[in-house]
Amino acid sequence: MLQFSRFVAIRATLAVFTLVLVSFIVFSLMEMVPGDCAERYLAFKSSQGAVITAADIQAERVRLGLDQPYVQRWGHWIVNAFQGEFGDSCILRLNIRQLIGPKFWLSLGLCLSALLLAYAIAIPVGILAATSKNATVNNGLRFVSYLGLALPNFLLALMIMLFSTLVFGNSLTGLFSKEFRDAAWSVDKFVDFLSHAWLPVFILGWSATAFAIQTVRALMSDEVGKLYVTAARARGVSGRRLLMRYPARHALSPIINSLGFDLNRIFNELPIVALILTLTEAGSLLIEALARSNDQQLAGAIIFLLTASIVGINFITDIILALTDPRIRRSIIG
Amino acid sequence: MTRLLDVENLTLQFDTDEGRITAVDNVSFTLEAGEIMGLVGESGSGKSVTAKSVMKLNPSNAHYGPETKIILHLDSGPVDIMSLQQSKDLQVVRGGAISMIFQEPMASFAPAITIGDQMVEQLMIHTDMGKKRSKELSIEMLDRVGISDPSTRFGQYAFELSGGMRQRAMIAMALSTKPKLLIADEPTTALDVTIQAQVIDLMKDLVTEFGMGIIFITHDLGVIAQTADKVAVMYLGRLVEQGLVRDVIRTPAHPYTKGLLAALPSLDDLDAPLVAIPGDIPSPLERPGGCVFNTRCSDNLGARCGAEVPTESLLSSQHNVACHLYSEEAIK
């Protein structure tokens, strides 16, 4: 137990260290964008008709603390970031935490749901595909999963929206109905959310599922051919028991290992899907922050949060692996 | 002696992407209870596949010839193994009446299940023992094969044991259900020479004690000479020679057997050059016609060897060879 706590502590430290490193990269990227927050805000002001002088810019810099040395500002930023504070948006002049907090959790929820959906389908289907001798089943699954890999998410989203508009007269966009959009959370709002959320989850899960089926199938085919499975058959173990206890049980570790990678993929696809479905969550806000308004403070916060989620899930899968795989467990817990 | 196993006209083909290949061609042999038979041949000669056929353990792309007959004689009566289709039916022989030990003990234990769990599982399938009794017997078996601190080893994983210990555990597991027949597929090839000797001695002792038959697969004629009662030599899916170990090793008849024996390094004469059998074992996709060995044979008689499959010639009551050199016409 003591050794396990030590293992968790070491992994947690490593995760934090990774995040600090990431924060440095993110912060440096924010700095490398030509112009700073003060210039950007005042340029925005000027476009609104205000008269701006060089002295105004300098005063704004001092007010935002941009005159301090680079490392000091990074230190300040990272200390705040770990507390969930990212300061104000450059352009919108709103607290970033308030601006994106709920949206970020929604995004994370959508991505995790898509991941869950992908593996809930991929694990049984992948096992079936790897063990089935039926050519029709195999070819059918192969076709569906190639379709999943080849058909881009945005195209699928557009197709579903088109279909829904033509048939039901509802384009299925957004995460909430109008009446709930600004309402406080309630049971009704949650139900309304679920009735909208299935579509982005489905679309995000679509290619993730196809990808996960390929992963599970490859891992299972690999395990099924191993000598220990033949040896178990030679001892009279058969049927479901053989399948679940031997190859499936042993394919689990690499599957758990691939979760972080898959979440990353889903996150990468989120902004495009969000844009098309006009979801007002973090993904589309990120694109907006980067492309439309050049809001580096906001973009940095979002990138940092997304990275933190992936570091987080990798930390969790490391712990799960340590608990489930005896080869790892024995080396750290004994 | 009581008959334990009859294998008659075993023919086995595999469907592969390149077409159907013949892995075993019309092989027949018998085994008595308490007898150790060595099955010898190079890699690819079909010896493992032959032994696995006895448990129908070959992969699903395997097709057995219609003439194939494998009968296992148990106390309860003969079992026609070819007629068993479902894995439930095959349970009687798999791990029950027949156990198998594989070449790589590390790879034949499931890595994430303890040795003990795998042993108990087998006992629960094949006996009516409860969990507690199965555990006791498993620990007792681990002790019997010379594993120190067996109750600790019971709860360990294969990766926590040394190579020799793993193979001992494998033997303990294989023998725990008191099988009538043990198939040992190169059980000592992956072990150090010193441990190899220990494991062979252990197997010989246990055979005497349990009174079971063993099919011992190896490419090492030295091991066979010390271990087996009789030996069958395979080449490219055919049985080319079989007989008592003494006869086959002292007076080998088939040019292939002679070649195998000549290829053994000798410690008596360190300057003697090693004599290899010329050429490589042909691909099963390009099986030579006639005698399968004719492409590498130093005594090739010419057209006849390339065209006609040699029949078995009896050299003595228990020693026979499939070679044209020993056919009636050739002897005349």
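A word on terms before the first click: helices here are DSSP runs of H or I with at least four residues, numbered from the N terminus. And keep in mind that this is a predicted model.

**Stop 1: a residue in chain A**

Select I316(A), which sits in helix 13 of chain A, residues 296-324. Is I316(A) buried, or partly exposed? A residue needs 20 or more other C-beta atoms within 10 Å to be buried, and 12 or fewer to be exposed. I316(A) has 15 C-beta neighbours inside 10 Å, so it counts as partly exposed.

**Stop 2: helix pairs in chain A**

Two packed helices are described by the angle between their axes and the distance between the axes.

Start with helix 7 (residues 153-168) and helix 11 (residues 259-276) of chain A, whose axes lie 9 Å apart at an angle of about 20°. That angle is why helix 7 of chain A counts as roughly parallel to helix 11 of chain A. Show side chains for N153(A), F154(A), A157(A) and L158(A) on helix 7 of chain A, then E269(A), I272(A), V273(A) and I276(A) on helix 11 of chain A: these residues make the contact. The crossing of this pair, helix 7 and helix 11 of chain A, is right-handed.

Next, pick helix 8 (residues 187-224) and helix 10 (residues 239-257) of chain A, which pack at about 135° with 9 Å between their axes. Helix 8 and helix 10 of chain A are therefore oblique to each other. On the helix 8 side of chain A, the contact residues include T215(A), L219(A) and E223(A), and on the helix 10 side they include P247(A), H250(A) and I255(A). The crossing of helix 8 and helix 10 of chain A is right-handed.

Keep helix 8 of chain A on screen and bring in helix 6 of chain A, residues 135-150; the two pack at about 130°, with axes 8 Å apart. That makes helix 6 of chain A oblique to helix 8 of chain A. Which way does helix 6 of chain A pass helix 8 of chain A? The crossing is left-handed. Helix 6 of chain A brings S145(A), G148(A) and L149(A) to the contact, and among the residues of helix 8 of chain A that take part are W206(A), F211(A) and Q214(A).

**Stop 3: where the chains meet**

Zoom out until both chains are in view. The contact takes 21 residues from chain A and 25 residues from chain B. On the chain B side, helix 2 (87-90), helix 3 (105-108) and helix 4 (115-126) each give two or more residues. Which of the elements of chain B gives the most? Helix 4 of chain B does, with 4 residues.

**Stop 4: chain B as a whole**

Chain B has 13 helices and 13 strands, and its C-alpha atoms fill a box of roughly 65 × 50 × 45 Å along the principal axes. A compact globule of 332 residues would have a radius of gyration near 20 Å, and the 21 Å of chain B agrees with that. Buried residues make up 43% of chain B.

**Stop 5: the sheet in chain B**

Colour the strands of the open sheet in the order 7-8-9-3-10-11-13-12: that is 8 strands of chain B, with mixed pairing. At the edges are strand 7 (98-101) and strand 12 (312-316) of chain B, each pairing on one side only. From one strand to the next, the twist averages 20°. Helix 7 of chain B (residues 163-175) packs on the sheet, touching strand 7 and strand 8 (181-185) of chain B.

Now move to strand 3 (residues 36-40) and strand 10 (residues 230-235) of chain B, which pair in the parallel sense over 4 bridges. Here V40(B) has V233(B) as its bridge partner.

Strand 10 of chain B also pairs with strand 11 of chain B, this time in the antiparallel sense over 6 bridges. Click Y235(B) and its bridge partner R238(B). The hairpin of these strands has 2 residues between them, and there L236(B) takes a positive phi near 45°.

Finish on strand 11 of chain B, residues 238-244, where 6 of the 7 residues are buried. Strand 11 of chain B pairs with strand 13 (residues 319-322) of chain B in the antiparallel sense over 2 bridges, and E241(B) has V321(B) as its bridge partner.

Definitions and conventions:
Residues numbered from 1 in each chain as written. Chains lettered and ligands numbered in written order. Predicted model: local features only at pLDDT ≥ 70, side-chain atom pairs only at ≥ 80, totals over all residues. Pairing = 2+ DSSP bridges. Axes fitted to C-alpha atoms, helices over the stretch in contact; angles between N-to-C directions. Contact = placed C-beta atoms within 7 Å. Rg over C-alpha atoms; globule rule 2.2 N^0.38 Å. Parallel < 35°, antiparallel > 145°, perpendicular 65-115°, else oblique. Left-handed = near helix turned anticlockwise from the far one by under 90°.
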